Amino acid sequence: MISGAVAMYTRILAALWLIAAIAAEAHAQGDAPAVAGAPPSIAALQEELRQAGFDPGPVNGVMNEKTTRALVAYERRLRRMPQAIASVGVDAADPVMRAQHGLRQLGFYTGPADGALGPSTRDAIIRFEVSRQLPVDPRVSDRLLAALAEQAPAAPNTAAAPPAAPAPTPAAEGTPAPSPTAPQVATGAASPPAMPEATGRQALPGWVNPPPIR
């Protein structure tokens, strides 16, 4: 089952994050490592798995079941993570976690960034793609990650301080000063800004017919 393979993949990534650091150091003496902080594409990971003798399926930039199984087999046999992951760290390289973080920033996902492609994550992907008029595909792919990166909200700018209130004008001579009054209690608080719709497991639009996950 897909869920079982993904769960196994997630557990192995969490348990072997120390091995990733060792693998990165071992590869430092070889070819030039990838730029730190630049997560690899799924296609690059698939190509590395293929060159190492594992079958990730087609090198199409889609994190599918065969890619997950090839990644698990790679780690079991070689006792380290692929260089595409070890060079930047597990959390930064995990495609599903990157998608979950991006969807959460845009308000389409409210669950944990656990690296598991569960129903809530797939629903959030579909809603994002429908809202941006993209082809509907509930899988995590390089195309999805690129679209999320383009739509990522900009860092908030520090708002300018409001202008200081003008000093009260002194009352004219002979004019009685206004008597102090009790502060007025607001009768109705301003309604807060609308928050993004909680997506979760709500029903999808009737015309949406996502392809099966393979």
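Reader: Hey, which residues is isoleucine 125 in contact with, leaving aside its neighbours within four places in sequence?
Author: In this predicted model, isoleucine 125 touches Leu103, Leu117, Asp137, Pro138, Arg139, Val140 and Leu144.

Reader: OK, and where is isoleucine 125 found?
Author: Isoleucine 125 is part of helix H8, which covers residues 119–131.

Reader: Is isoleucine 125 buried or exposed?
Author: Buried: its relative accessible area is 0%, and the cut-off for buried is under 20%.

Reader: How far apart are isoleucine 125 and phenylalanine 108?
Author: In sequence they're 17 residues apart, and in space it's 7.8 Å from C-alpha to C-alpha.

Reader: Switching topic: how many aromatic pairs does the structure hold?
Author: There are 2 aromatic pairs. In one, phenylalanine 54 and tyrosine 74 have ring centres 5.4 Å apart and planes at 55°, so that pair is tilted.

Reader: And which parts does that pair tie together?
Author: Phenylalanine 54 sits in the loop between helix H3 (42–51) and helix H4 (65–78), while tyrosine 74 is in helix H4, so the pair joins parts 20 residues apart in sequence. Both phenylalanine 54 and tyrosine 74 are buried.

Reader: What about phenylalanine 108 and phenylalanine 128, what kind of aromatic pair do they form?
Author: An edge-to-face one, at 5.8 Å centre to centre with 80° between the planes. Phenylalanine 108 is in the loop between helix H7 (95–105) and H8, and phenylalanine 128 is in helix H8, so this pair links distant parts of the chain, 20 residues apart.

Reader: Is phenylalanine 108 buried or exposed?
Author: Phenylalanine 108 counts as buried, at 13% relative accessibility. Its partner, phenylalanine 128, is buried too, with a relative accessible area of 0%.

Technical notes: Residues are numbered from 1 along each chain as its sequence is written. This is a predicted model: local features need pLDDT of at least 70, side-chain atom pairs count only at pLDDT 80 or more; totals for chains, interfaces and linings use all residues. Side-chain values use heavy atoms; hydrogens and water are left out. Helices (H or I, at least four residues) and strands (E, at least two) are DSSP runs, numbered from the N terminus. Buried means under 20% relative accessible area, exposed over 50%, partly exposed in between (1.4 Å probe, protein chains only). Contact means heavy atoms within 4.5 Å. Rings of Phe, Tyr and Trp (its six-membered ring) pair if their centres lie within 6.5 Å; planes under 30 degrees apart count as stacked, over 60 as edge-to-face and the rest as tilted.
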